[in-house]
Amino acid sequence: MVKVDRDAAVSGISSFGLMRAAGHAVAASALRHYPEATRFVCLCGLGNNGGDALIAAAALAGSGARVAVYLMGDPARFTGDAARAFAAVSIPHQPLDTYVPTIGDVVIDGLFGAGLSRAVSSDVAALMRTVTDLTLPVIAIDLPSGVDGRSGQVLGESFQAAQTVTFMTRKPGHLLLPGRTLCGVLQVINIGIPARIVTSHRASLVENTAALWHKAVQVLDPAAHKYRRGHLIVFSGAAPSSGAARMSATAGLSAGAGLVTMVAPTEALPTLAAHLTAIMLRPVDTDEMLSDLVKDTRLNAFVLGPGFGAPDRARRYVAALSDRSLVLDADGITAFRDDPQFLFAAFRGPVRLVLTPHDGEFSRLFPDLAADTALSKIDRATIAAERSNAVIILKGSDTVISEPNGRVAINANAPPWLATAGSGDVLAGIVGAHLAQGMPPFEAATSAVWRHGVAGNKAGEGMTAENLLRAIRPLPRMPSSLARP
Ligand SMILES: NC(=O)C1=CN([C@@H]2O[C@H](COP(=O)(O)OP(=O)(O)OC[C@H]3O[C@@H](n4cnc5c(N)ncnc54)[C@H](OP(=O)(O)O)[C@@H]3O)[C@@H](O)[C@H]2O)[C@@H](O)CC1
Ligand SMILES: [K+]
């Protein structure tokens, strides 16, 4: 946005005009959502976020509402557009530390936006807690103050907004947790920067929508013969823990793989056979039997990890699969905790490995990144993808998907109840099915995460992984109705 603002100014657009548009949008939102407010309390920091709040205050007063303005510090410190807003707005103001939050207030939060650079002070934190305790509605300008727009993390303390009004495009802090929750309902307002300027600075960081992968979906032909829709292999562990791999295999079939074979130790075959019909079974007990299996180049993709156990065997099998498309999940990831470099070195060259860690598994492969609190979830996923030469699906309610050349997507369609036993196994199977059908790894991963989220919503609150399997739906081929800017 810094670059967008600069180019907007270069093209002759008035930055103060943008601030006026921003402030008016906030006032309009306040009047629309809280027509019965006793008073609107505009809290203004000394940056442009405060400038937006001053414009909003004037617009609200101009429409007849009761308005109070509180300033965080000496107004002589306003500069630039914020100083201009302060000069243009003739509303009495008081110091922030004199504000006593009162039932009936609607708070317009203009303390900090994109310029937040450190933890909020203890005084401001105490004020935020009082507003929260009284459950006063908060309309946040750009971001709830205290939320870091780059990471979604809270620096010290933050408001919990009911509404957040942001401008032109969403920022990472609007999508990553806890920022996403703290925003409440997010409105993205066009304040008049031409779309061509915004898109010219479109970062390699995007929200995960169909726009990202629909072209890769179009190559899939649902009417194609089953052999052309790919052959997915899912490795099972011992019989008692084979449920997880069965879940992956079933998901793989539902997600469109033409054929799915489960590979398992001989002793597990009777258990698997009792549960499976459309999925084929093949015994593999030794490294030699695995070598024979992987000679078959018609096998397009492999999933290893769910319920696998046996870390020694996992490492040997992964080494044997290192020139193939592989989804490594759960126990398969943990198997490399003592020597992640071995895994990364085996998968150099064209990207063909997809890693699906939750935070705990991530910390086993990338302990330094997990421990570095200065890194955002996006930073961690990005560095991990470069280091491992893999697509990383860093799971959570705000799953981040990254690839080695720097593209990153934040997923935001997952309902909270998707975090349930077996959910990750289903996801691994969907990714495997997409790889088997010939999608490139990043597109296979992003579309799988999205599809998993849609299935979770479809299955509904209280779902089990079995419900989730039945809720897997086809991928959309046309992005237009789904893509957001
Ligand atoms: N195109 C757009 O999107 C448009 C964006 N616009 C708006 O501009 C906003 C960005 O404005 P901005 O860059 O002036 O930063 P902002 O958020 O006001 O904060 C900076 C101030 O806070 C201070 N400060 C920081 N941390 C602090 C702390 N913990 N505790 C105390 N102080 C702290 C910092 O002080 P300093 O670090 O210098 O001491 C500085 O004074 C953006 O969010 C949007 O609302 C619109 O006007 C129109 C177009
Ligand atoms: K704010």
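## The annotated positions

D109 is found in strand 4, which covers residues 105-110. In this predicted model, D109 counts as buried because 30 C-beta neighbours lie inside 10 Å, and the cut-off for burial is 20 or more. Not counting residues up to four places away in sequence, D109 touches L43, V138, I139, A140, I141, P144, S145, F159 and A161.

According to the unreviewed UniProt entry, the annotation "binding site" covers N49, D109 and S145. These positions are spread over 97 residues of sequence, yet they cluster in space, with a largest C-alpha distance of 9.5 Å. S145 lies in the loop between strand 5 (138-141) and strand 6 (163-167). S145 is buried too, since 27 other C-beta atoms lie within 10 Å of its own. With residues up to four places away in sequence left out, the contacts of S145 are D109, L111, F112, V120, A140, S158 and F159.

## The surroundings of ligand 1

Ligand 1 is surrounded by 27 residues, of which the closest are G47, N48, N49, G113 and G115. The elements that give two or more residues to this shell are helix 2 (15-33) and helix 3 (48-62). Helix 3 gives the most, with five residues.

By class, the shell around ligand 1 consists of 13 nonpolar, ten polar and four charged residues. N49, one of the closest residues to the ligand, is also among the positions that the UniProt entry annotates as "binding site".

## Overall architecture

The protein chain has 485 residues, and 49% of them count as buried. Its secondary structure comes to 21 helices and 17 strands. Along the principal axes, the C-alpha trace spans about 80 × 40 × 40 Å. Among contacts between residues at least 6 apart in sequence, 72% join residues at least 24 apart.

The chain is divided into domain 1 (2-202) and domain 2 (206-470). The C-alpha centres of domain 1 and domain 2 lie 42 Å apart. The contact between them takes nine residues from domain 1 and eight residues from domain 2. On the side of domain 1 that touches domain 2, four residues are nonpolar, two are polar and three are charged.

Helix 20 covers residues 441-459, and its 19 residues should span 27 Å at 1.5 Å a residue; the end C-alpha atoms are 26 Å apart, which agrees. Helix 20 is mostly covered, as 16 of its 19 residues are buried. Just after helix 20, G460 takes a positive phi of about 85 degrees.

N413 belongs to the loop between strand 17 (408-410) and helix 19 (423-436). Not counting residues up to four places away in sequence, N413 touches W450, G453 and V454. N413 is partly exposed, because 18 other C-beta atoms lie within 10 Å, whereas burial requires 20 or more. N413 and W213 are separated by 200 residues in sequence, and their C-alpha atoms are 15 Å apart in space.

## Backbone features in loops

A cis peptide bond joins L177 and P178, with omega of about 0 degrees. P178 is placed in the loop between helix 6 (172-175) and helix 7 (179-182).

Positive phi values also occur in residues other than glycine, including T135, where phi is near 50 degrees. T135 lies in the loop between helix 5 (122-133) and strand 5. T135 is exposed because 10 other C-beta atoms lie within 10 Å, and the limit for this class is 12 or fewer. For A310, a residue other than glycine, phi is near 35 degrees. A310 lies in the loop between strand 12 (301-304) and helix 13 (311-320). With 16 other C-beta atoms within 10 Å, A310 is partly exposed.

Key:
Residues numbered from 1 in each chain as written. Chains lettered and ligands numbered in written order. Predicted model: local features only at pLDDT ≥ 70, side-chain atom pairs only at ≥ 80, totals over all residues. Near = placed C-beta within 6 Å. Helix = DSSP H or I, 4+ residues; strand = E, 2+ residues; numbered from the N terminus. Nonpolar A, V, L, I, M, F, W, Y, C, P; charged D, E, K, R; others polar. Contact = placed C-beta atoms within 7 Å. Expected span 1.5 Å × (residues − 1). UniProt positions renumbered as here; feature names shortened; annotations may be inferred. Domains from an automatic or database assignment.
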